[in-house]
Amino acid sequence: MASETPKEPLEAVEKTVKTIKDPPRAGQDVTHNGTPYTTIKEGLAYILVPHGIPTSTDPKVPKEDAEKQSVFYNPIQQFNRDLSVLAIKAFGEDLIAARELKAERYRNKEKQQQQKKNTKRKLHGSEDAQQQGNDVNQDNVNTRKRKRGEDGRADDAVTVSDPKTSVDSQAVSTEVPEPLESRVALPGTGASPELPMSATEGVSVAEQTVSHGNVSTFGGTADKSGEKQDTPTGRKPSSSARKPEFRILDALSATGLRALRYAQEIPFTTAVTANDMSRKATQSIALNVKHNGLEDKITPNTGNAIAHMYSFVGTKGYEVIDLDPYGTAAPFLDAAVQAINDGGLLCVTCTDAGVFASAGYPEKTYSQYGGLPIKGPHSHEGGLRLILHAVASSAARYGVAIEPLLSLSIDYYARVFVRVRKSPAEVKFLAGKTMIVYSCDSGCGAWQTQFLARNQPREGKDGTMFYKHSMGQAPTAAPMCEHCGRKTHLSGPMYGGPLHNPAFIKRILNYLPNIDRETYPTTDRIEGMLQTAYEETLLSDVPKRNKSNRKGKDGGEASEAFIPQTGPAEIDHHPFFLIPSALSKVIHCQAPSDSMIRGALRSAGFRVARSHCKPGTIKTDASWADIWHIMREWTRQKAPIKEGAISEGTAGWTIMQKALSNEGKDDSDYAADEGGVEVAEGNGSETGGKDGTAGAADATNGADHDHGRTPASRGRKYEVVFDETLGKEKEGKKLVRYQLNPRKDWGPLRKAG
């Protein structure tokens, strides 16, 4: 017993002596300034949580305990953070590769120009030499003539100077001095002295050389102390000196966990700013930064996030800005789009699903996002488009265009990743990608879209293609639903372009087989959700861009290295999903299985996919006329409606009456009664189709909405086959596509007080 007595005190002493300077380790106790902390690890980052605060990383813990830890750590958001790290990494690799390629092209262009100058100088040098030789000969002749005039004889002692000797002694050196740009080092930017930052940022060298408080000098730089730093010309800097800048702003950082993970897990990150308006929060951030040994990368900042971002207006900002507030991100968007560099990434989270995905507060939705919400099972998908509309509208005021790379409805919040470009020319397409929706939310659930303007491709006299921007024709829908006769409601305006960039999603999916699952424990869910989102893009009428227009070092295509840009005029003709069980509820019949409906649609020639938003959903390019035709066939072939189940005058009764009225009619009569798509000759119908999927969208981009379709898609009568085998999804592995709530009342935690 005597030998065991000192053990407990020694262990206690060992625990108390741990400080923030010690290597971090999950679960260890750390004491700093007399305050004890517990260490939590997520990813490769560690954060310190004061004793007495629950530190469970299990989302199934009781909600009252979860609320206590919400200020310091929210395990529910780990999926968001894991996905964000991978998304920013995929984007950053593409951005840096694009900058390096642009820099290489700039150097090659400069080299070619220099060679041309040298050739011209050599040519001028030979011409000058010949002229100088002629001048010397002429001078000698004149001298001899003068002497003849004086002496009456020629002076044989006078020798003619050798033209070559004269040229060598008088000609200017043909060696061209290095241009000023190649000799000026860019302090603090890590750029090569051979490469002005204008090659990668579109900013002049003069503007870049005064950054970071340094003043460039000829052949070197002078720092604030006035000491000149040698920058030898003609010498290539080391690879570390040429490291490109990649700066990230965590605008609402709280404990700084996101900033810590970005600095640790994204290897090319050069600087991270962790901002919070709470001084207590930034003190916690500074403590965590020191504990992780990242003082050289992360800078805590106490201040208003909006004011901080506005301070970068007109100057060089960030490559990535992450907005992850409690509630809506709308107040931060205007400042964010001005603080982000050209070609940067804006990451936005909105947790106020009760506003952007609910019809309970339409006035609030409009004030926050500039549009009205859509009512129905697809309300969250409509919410994504409202958020993108708010981002696009804020950016367009400053000549900035957006391109959604990934837009997800996750649990109780929305998360979008948007690439921004300073391009007033692309901003002109925004009206043609903004739509309003006529929604039959009180009847059959059908919808029709109306785009505010049209972006029509035209061919110029010289054969070049350009876009004509014009106003859209209205309305594309009657006040009453054409399928059930009920009143429709107006939603939007909202973003009508593609929600995802398939190449970007593929880039992230390619990471997953090789990442450490202990670092990214939500890998399975990331894979399932991204695979589902990728399948949504397969409905696009626009051919996939598998190749980039950027060239590699050898002049070949660099398709795998870059994320190609989606066309500025591209729109989504099939913006929302449908749920077969909701359709069955309208006509009071037994609900078909998902595979039955998918099989019927595919056998008719339509494309079908899931939606990442909800399980049991279907996204298709079929018109609403075709969808209701298939549902009527379902009741006729598989699940007859019980007599008296549908009351006269209801939406379902009106829909089923069309089945009786179409008996014995030919295809043309069927199409007229069904309100089939009216496709005009040429590039789409200006009046829009009556199918509720595109409307004026056909004329918006000048594409035939029926491209690649079977006659079934034109509202004609066709045989419906419920092929369950055809409708089954063939998956090589089981994917976790949708999250199940781990406990009762699971959702957003309490806002920090």
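Q: What makes Pro373 count as buried or exposed?

A: The model is a predicted one, in which local features need pLDDT of at least 70 and side-chain atom pairs count only at pLDDT 80 or more, whereas totals for chains, interfaces and linings use all residues. Residues are numbered from 1 along each chain as its sequence is written, and side-chain values use heavy atoms, with hydrogens and water left out. Buried means under 20% relative accessible area, exposed over 50% and partly exposed in between, with a 1.4 Å probe and protein chains only. Pro373 has a relative accessible area of 8%, so it is buried.

Q: Where is Pro373, and which residues is it in contact with, leaving aside its neighbours within four places in sequence?

A: Pro373 is in the loop between α13 and α14; helices (H or I, at least four residues) and strands (E, at least two) are DSSP runs, numbered from the N terminus. Contact means heavy atoms within 4.5 Å, and, with neighbours within four places in sequence left aside, the partners of Pro373 include Val355, Phe356, Leu386 and Ser491. The C-alpha atoms of Pro373 and Gly492 lie 6.4 Å apart in space, although 119 residues separate the two in sequence.

Q: Why is the pair of Phe356 and Tyr369 called edge-to-face?

A: Rings of Phe, Tyr and Trp (its six-membered ring) pair if their centres lie within 6.5 Å, and planes under 30 degrees apart count as stacked, over 60 as edge-to-face and the rest as tilted. The structure holds nine aromatic pairs. In the pair of Phe356 and Tyr369 the ring centres are 6.3 Å apart and the planes stand at 90°, so the pair is edge-to-face. Phe356 belongs to helix α12 (residues 353-356) and Tyr369 to helix α13 (residues 362-369), so the pair ties together parts that are 13 residues apart in sequence. Phe356 and Tyr369 are both buried.

Q: What makes Trp634 and Phe722 an edge-to-face pair, and which parts does the pair tie together?

A: The ring centres of Trp634 and Phe722 are 5.3 Å apart and the planes are at 70°, so this pair is edge-to-face. Because Trp634 lies in helix α20 (residues 624-637) and Phe722 in the loop between α23 (697-701) and α24 (724-727), the pair ties together parts that are 88 residues apart in sequence. Trp634 and Phe722 are buried.

Q: How do you know that Lys506 sits over the ring of Tyr534?

A: A charge sits over a ring if NZ of Lys or CZ of Arg is within 6 Å of the ring centre and within 35 degrees of the ring normal. The charged end of Lys506 is 4.8 Å from the centre of the Tyr534 ring and sits over it, while Lys89 lies over the face of Tyr511 at 5.2 Å from the ring centre.

Q: Why is helix α19 described as largely enclosed by the rest of the structure?

A: In helix α19 (residues 594-603) seven of the ten residues are buried, so the helix is largely enclosed by the rest of the structure. Among the buried residues of α19 are Met596, Ile597, Arg598 and Leu601, and the buried residues of this helix pack against α18 (580-587), β19 (608-609), β20 (619-620), α20 and α24.

Q: Why does Ala254 count as partly exposed?

A: Ala254 has a relative accessibility of 33%, so it counts as partly exposed. This residue is found in the loop between β7 and α8, and Ala254 has a positive phi of about 60° although it is not a glycine. Most residues other than glycine have a negative phi, and most peptide bonds are trans.

Q: Which residues does a cis peptide bond join, with omega of about 5°?

A: That cis peptide bond joins Gly492 and Pro493, and Pro493 lies in strand β18. Another cis peptide bond, with omega of about -10°, joins Ala474 and Pro475, and Pro475 lies in the loop between β17 (465-471) and β18 (489-495).

Q: What makes Ala251 buried or exposed?

A: Ala251 has a relative accessible area of 1%, so it is buried.
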